[in-house]
Amino acid sequence: MLKKFLSAVIVLAAVSAQAQVEVTDAWARATGPGQKATGVFMNLTAKKASRLVGVKTALTPTAEVHEMTMEKDVMKMQSVKALDLPEGKTVALRPGSYHVMLMDLKAPLAEDEHAVITLLFEDAAGVKTQQEVHAVAKKMAMDGKDKPQHGEHKH
């Protein structure tokens with residue numbers, strides 16, 4: 001009886017925890033021939049304070065959360081161990097800032113293809129959850145100025 005109760009509590013906690021971060025406007029930059037890396041971008045809104053602590057995908061063995069910064073007119077990119085998601089505040093993963101970096105891609109990511117990634121979260125109590133995200137690949141300029149707009153559709 002206790003085992004069944006604990007199993008039910010764990011399942012309910014996992015289901016409710018997975019819904020603790022809302023993911024919107026997910027997209028990925030489509031790759032060209034021979035290109036082995038790309039970025040994935042989205043908005044994350046946590047219902048309670050959490051952290052994005054990792055990424056995994058079947059597209060590549062190397063997926064990380066990265067940050068781009070400017071230092072003395074030089075743009076630098078580095079991985080981050082965790083990205084804080086304050087309660088109720090939207091954190092934008094966008095070109096030129098925080099983003100998910102997919103490196104050593106197994107195959108090109110074609111326009112309109114779905115990049116399926118799993119985001120790994122951890123809340124203040126140390127509870128870890130994961131959430132699958134489908135990001136549609138778009139052809140974009142490398143400067144990121146032409147980010148797809150919400151509701152943009154190709155017919």
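A residue is called buried when its relative accessible area is under 20%, exposed when that area is over 50%, and partly exposed in between, as computed with a 1.4 Å probe on protein chains only. By this definition T118, with a relative accessible area of 15%, is buried. The model is a predicted one, in which local features need pLDDT of at least 70 and side-chain atom pairs count only at pLDDT 80 or more, whereas totals for chains, interfaces and linings use all residues. Residues are numbered from 1 along each chain as its sequence is written, and side-chain values use heavy atoms, with hydrogens and water left out.

T118 belongs to strand β9, where strands (E, at least two residues) and helices (H or I, at least four) are DSSP runs numbered from the N terminus. When residues up to four places away in sequence are not counted, T118 touches G54, V55 and K56 as well as Q130, Q131 and E132, a contact being defined by heavy atoms within 4.5 Å.

Strands are taken to pair if DSSP finds at least two bridges between them. Strands β9 and β10 run antiparallel and are joined by nine bridges, and E122 has K128 in β10 as its bridge partner. The hairpin that these strands form has four residues between them, and in this hairpin G126 takes a positive phi near 90°. Strand β10 (residues 128–138) is also joined to strand β1 (residues 21–29), in this case by three bridges and in a parallel arrangement, with W27 standing opposite V136 of β10.

For L52, with neighbours within four places in sequence left aside, the contacts include V65, L83, L93, L119 and F121.

Two loop positions lie on either side of strand β8. S97 is located in the loop between β7 (90–93) and β8, where it counts as buried at 14% relative accessibility and touches H66, E67 and M68, residues up to four places away in sequence not being counted. A110, by contrast, is placed in the loop between β8 (98–103) and β9 (114–123), and is partly exposed, with a relative accessible area of 41%. Apart from its neighbours within four places in sequence, A110 is in contact with A30 and A137, while A110 and K139, 29 residues apart in sequence, are 8.4 Å apart in space from C-alpha to C-alpha.
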